[in-house]
Amino acid sequence: MPKVIIVGGGIAGLAAAVHLKSGAAAQGKEVAVLLLEKDDRIGGKFITEKIGPLIIEGGPDSFLPEKAWTMDLARQLGLGPEMLSTNEQFKGTYLFSGKQLHPLPEGVMLMVPTMFWPMVTSRLISWPGKLRMGMEVFIPRRKSHADESLAEFVTRRLGRECLDKIAEPLVAGIHTSNPDNMSVLATFPRFAQMEQKSGSLILGMLSAMKNRPSAPPPKPGAPRMTFFMSFKNGMQTLSDACVEYLGKGSVRTGAGVRVVEPKRKGYTVILENGEALDADAVMLGTASFDTARMIMGFDTNLAVQLNGIDWSSSATVSVAFRREDLSVPLKGFGFIVPRTEGRRINAATYCSIKWSFRAPNDQVLIRGFVGGGHHEELVQNLDDDGLVKTVLEELDTIAGIRADAMFSRVYRWVKGMPKYTVGHLDRMARIDRSLAAHPGLSCIGCSYKGLGIGDCVHEAQIAAEKVLKELP
């Protein structure tokens with residue numbers, strides 16, 4: 001029976017394993033699938049803890065249903081009834097600027113304004129900044145198709161103030177990266193395509209909104225689709241369901257991989273304890289720097305290319321308060337902080353307002369974000385108490401939240417998110433050419449062709465389908 005080994009128990013590795021098992025069954029094939037994870041738990045950055053009455057997310061708190069691959073995987077695993085919509089009655093994002101919180105003007109799609117009056121009446125952007133953003137429709141499209149940084153792209157199209165006050169904090173919250181060297185083609189290809197097709201981001205976005213098909217009404221008993229979706233018991237619901245589908249015999253924890261070695265046919269995976277496992281195909285769902293270490297022995301050039309991908313570090317700090325101790329109203333789902341404001345956190349989410357089931361009614365759960373893009377040194381230089389103290393001080397300064405926390409929890413993600421810097425697509429092309437010389441070897445995960453959960457699931461499924469076709 002052909003055997004496939006998947007290294008890494010994050011969502012990419014899990015999605016690949018599920019697709020291999022279900023795809024083999026659909027094609028009438030027998031394939032042995034073994035997923036190896038070095039830690040004592042499966043799920044990677046999907047870590048949900050239930051502590052007393054609180055549901056705490058250590059990593060991502062949601063997925064985007066717009067990228068249907070995550071939705072499809074969840075439904076395949078029978079999780080439709082477990083999906084959770086955001087509490088839309090509280091919807092809204094605030095930005096901290098000039099020592100106060102401003103609502104993100106209605107109609108701003110990431111960084112592109114699509115509604116006139118909300119932008120005109122907003123106090124977030126100065127009048128010169130508003131005029132510059134409005135002039136975007138008259139800025140000629142760029143003649144070159146070469147990559148450029150997101151900062152260069154936004155400044156050229158919408159002006160510096162839009163970059164500093166809207167684009168940078170929104171992007172930092174999503175990509176934990178710095179727009180000064182972030183590849184626009186790798187991170188926001190849709191905007192580059194809009195510029196070339198419509199000659200304007202504003203006109204292109206308006207056209208896309210006009211032509212967007214209406215969402216079908218939810219089926220009876222199904223949750224309403226919102227921009228962000230999660231699960232009633234947290235994001236780890238998805239990774240746990242993958243493990244249950246695969247079966248315990250297909251998953252090993254505490255199984256760190258030291259090296260992967262090619263054979264005449266297939267590969268040998270050597271664990272850190274010296275155990276050797278043979279496979280017809282190997283899928284590496286580990287971070288690019290870990291993958292580089294595993295394959296260094298037989299392809300130094302590929303290892304160098306993998307090590308050329310930079311990474312950022314960040315931390316999430318969850319704190320809970322008694323509702324009665326908060327003297328200020330909490331508006332929207334939370335706030336984001338531009339780098340130009342010089343604060344020590346990037347953003348905060350009001351978890352128990354954004355989502356149901358996260359805290360009892362008499363408590364408020366808030367999650368602060370540190371590092372990623374700026375002040376990464378805090379993640380490694382401060383202990384847990386220092387990070388909690390920092391977040392509490394920043395919540396006081398930014399949002400007027402001045403109360404003693406009744407609970408706190410810190411999760412650190414050192415080198416936890418890859419940076420898609422300028423030229424990333426060219427790097428990926430070189431990596432793909434190198435991988436083509438090693439049939440049966442795949443690299444999957446957020447290091448390569450998509451940072452989001454949906455992209456990781458989709459690329460893993462594509463790779464798994466290729467493996468199925470090539471197996472003997």
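**Burial and salt bridges**

Analyst: In this predicted model, Glu 376 is partly exposed, with a relative accessibility of 22%.

User: Why is Glu 376 called partly exposed?

Analyst: Buried requires under 20% and exposed over 50%; Glu 376 has 22%, so the residue counts as partly exposed.

User: What makes Lys 419 and Glu 376 a salt bridge?

Analyst: The closest N and O atoms of the two residues are 3.9 Å apart. The cut-off is 4 Å between a side-chain nitrogen of Lys or Arg and a carboxyl oxygen of Asp or Glu, so the pair qualifies. Lys 419 lies in strand S20 and Glu 376 in the loop between strand S19 and helix H14, so the pair ties together parts that are 43 residues apart in sequence.

User: How do you know that Glu 136 and Arg 157 form a salt bridge?

Analyst: Their side chains meet at 2.8 Å, N to O, and the limit is 4 Å. Glu 136 lies in the loop between helix H4 and helix H5, and Arg 157 in helix H5, so the bridge joins parts that are 21 residues apart in sequence.

User: Why is Glu 136 called buried, and why is Arg 157?

Analyst: Glu 136 has 0% relative accessibility, and Arg 157 also has 0%. Buried means under 20%, so both residues are buried.

User: What makes Glu 136 and Arg 157 part of a network?

Analyst: Salt bridges that share partners join Glu 136 and Arg 157 with Arg 142, Glu 148, Arg 156 and Glu 195. The whole structure holds 26 salt bridges.

Definitions and conventions: Residues numbered from 1 in each chain as written. Predicted model: local features only at pLDDT ≥ 70, side-chain atom pairs only at ≥ 80, totals over all residues. Heavy atoms only, no water. Helix = DSSP H or I, 4+ residues; strand = E, 2+ residues; numbered from the N terminus. Buried < 20%, exposed > 50% of the residue type's maximum accessible area, 1.4 Å probe, protein only.
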